[in-house]
Amino acid sequence: MKALNTEATGIFLHLLGRMNDAPFISFQSPAGVPLFMEGYGVLDSGFGTSYAYSLMQSKVVGDDVLREPQFFFLHFTNDTSNLFRGVCPYCYYRDSSGIREHSMIIQPFGHLDLNLNLQERHVEMANNWMAQIKEQGYVD
């Protein structure tokens with residue numbers, strides 16, 4: 001399993017810090033496209049304790065709101081009892097292209113079924129998207 005690179009992790013953690021323990025936040029940027037972050041709770045797995053989040057940009061087409069894109073992440077903290085540490089994307093949605101990809105399937109009792117090739121691609125895509133988020137003015 002791979003985690004975001006250092007720069008992308010810093011951007012993610014900056015946005016997470018701006019949530020101030022709220023379950024949901026909307027960010028605005030000079031580009032005018034909103035960015036949404038939502039927390040879903042705790043997941044205990046064989047890799048350790050993580051927190052689930054989604055990060056999404058959207059656009060309206062007719063009467064539909066399209067996710068352009070939406071990533072779901074597990075944030076494994078630096079807790080010494082965790083076998084894994086870092087921010088890992090595990091789902092990617094892009095409605096305009098009909099894409100719904102799951103590189104991790106969360107099973108009962110916190111078992112994670114991993115598609116490592118797809119998860120690696122999700123990490124690469126999320127790293128690039130985090131750099132775009134910074135360029136769009138959501139992060140100083």
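Guide: The following conversation sets values against definitions.

Guide: This is a predicted model, in which local features need pLDDT of at least 70 and side-chain atom pairs count only at pLDDT 80 or more, while totals for chains, interfaces and linings use all residues. Residues are numbered from 1 along each chain as its sequence is written, and side-chain values use heavy atoms, with hydrogens and water left out.

Visitor: Why is N127 called buried?

Guide: Buried means under 20% relative accessible area, exposed over 50%, and partly exposed in between (1.4 Å probe, protein chains only). N127 has a relative accessible area of 15%, so it is buried. Of the 140 residues of the protein chain, 44% count as buried.

Visitor: What does N127 touch?

Guide: Contact means heavy atoms within 4.5 Å. Leaving aside residues up to four places away in sequence, N127 touches L4, N5 and A8. N127 itself lies in helix α2, which covers residues 116–135.

Visitor: How many helices and strands does the protein chain have?

Guide: The protein chain has two helices and eight strands. These are DSSP runs numbered from the N terminus: helices are H or I, at least four residues, and strands are E, at least two.

Visitor: What makes the protein chain as compact as a globular protein of that length?

Guide: The radius of gyration is taken over C-alpha atoms, and the globule rule is 2.2 Å times the number of residues to the power 0.38. For 140 residues the rule gives 14 Å, and the radius of gyration of the protein chain is 15 Å, close to that value, so the chain is as compact as a globular protein of that length.
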